[in-house]
Amino acid sequence: MIDLYVINLTKRKDRWDHIVKTFTDPQLNLIRVEAEIAQKPWIGCFLSHKKCLKIAKEKGLKNIMVIEDDCLPMNKNNFVSRLIKIKNYE
C-alpha cells in the first residue's frame, strides 16, 4: 500500500472527489491534508507542503509522496508502477 498525501482545501470538495475518482488503484491510500490558507496563494501552497513534511517527520517516514488536488496522472495505466519505482529509488 502506498500512502499518497493530497493537499486539498475543505471548500474544494469537488477537487477531492475528482482525486478519489481518478486515483482508484487499490494499492493507493489517499490521505487528505487540509490546505493552508494565506494572503498570497504561493505562501499557502508552501505552508501546505511544509505541513506534509511535518506529518512525515512526526510519523518517522523516510520519504513521502505529496500531490495537490488538481494533479492528474499522465498515464493511469502505469501510474502506480512508476510511483513504486520512484518510492523505491535511493
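How many nonpolar, polar and charged residues does the lining of the largest pocket have, by class? The lining has seven nonpolar, three polar and seven charged residues, where Ala, Val, Leu, Ile, Met, Phe, Trp, Tyr, Cys and Pro count as nonpolar, Asp, Glu, Lys and Arg as charged, and the others, Gly among them, as polar. The model is a predicted one, in which local features need pLDDT of at least 70 and side-chain atom pairs count only at pLDDT 80 or more, while totals for chains, interfaces and linings use all residues. Residues are numbered from 1 along each chain as its sequence is written, and side-chain values use heavy atoms, with hydrogens and water left out.

The pocket itself comes next. Rolling a probe the size of a water molecule over the atoms shows where empty space is left. On a 1 Å grid over the protein atoms alone, a pocket is an open set of points where a 1.4 Å probe fits, with protein on both sides within 12 Å along at least five of seven lines, whereas a cavity is a set from which the probe cannot get out; lining residues have an atom within 4 Å of a point. Grid points are joined across faces, edges and corners, and a volume is the space filled by probe spheres set on the points. The largest pocket holds about 320 Å³ of space. It is lined by 17 residues, of which Leu9, Ala35, Glu36, Pro41 and Cys45 are the closest to its centre. Strand S1 (2-8) and helix H2 (41-59) each contribute at least two residues to this lining, and H2 supplies the largest share, four residues; here helices (H or I, at least four residues) and strands (E, at least two) are DSSP runs, numbered from the N terminus.

Glu36, one of the residues closest to the pocket centre, lies in the loop between S2 and H2. At 32% relative accessibility Glu36 counts as partly exposed, a class that falls between buried (under 20% relative accessible area) and exposed (over 50%), with a 1.4 Å probe and protein chains only. The side chain of Glu36 makes a polar contact of 2.9 Å with the side chain of Lys51; such a contact is a pair of N or O atoms within 3.5 Å, of which, within protein, one must be able to donate a hydrogen and the other to accept it, and residues adjacent in sequence count only if both atoms are side-chain atoms. Beyond residues up to four places away in sequence, Glu36 touches Gly44, Leu47, Ser48 and Lys51, with contact meaning heavy atoms within 4.5 Å.

Ser48 is found in helix H2 and is buried, with a relative accessible area of 2%. A polar atom of the Ser48 side chain lies 2.8 Å from the backbone oxygen of Gly44, and, not counting residues up to four places away in sequence, Ser48 touches Ile7, Ala35 and Glu36. Ala56, also placed in helix H2, is buried at a relative accessible area of 5%, and with the same exclusion of residues up to four places away in sequence it touches Leu61 and Ile64.

Asp69 lies in the loop between strand S3 (66-68) and helix H3 (79-88), and at 8% relative accessibility it counts as buried. Its side chain is joined by polar contacts to the side chains of Asn8, at 2.9 Å, and of Arg15, at 3.0 Å. Leaving aside neighbours within four places in sequence, Asp69 is in contact with Val6, Ile7, Asn8, Leu9, Arg12, Arg15 and Ile19.

Ile19 lies in helix H1 and is buried, with a relative accessible area of 0%. Apart from its neighbours within four places in sequence, Ile19 is in contact with Val6, Leu30, Ile67, Glu68, Asp69 and Cys71.

The structure also holds one aromatic pair. Phe23 and Phe79 form this edge-to-face pair, at 5.2 Å centre to centre and 65° between the planes; rings of Phe, Tyr and Trp (its six-membered ring) pair if their centres lie within 6.5 Å, and planes under 30 degrees apart count as stacked, over 60 as edge-to-face and the rest as tilted. Because Phe23 lies in the loop between helix H1 (13-22) and strand S2 (28-34) and Phe79 in helix H3, the pair ties together parts that are 56 residues apart in sequence. Phe23 is buried at a relative accessible area of 5%, and Phe79 is buried at 16%.
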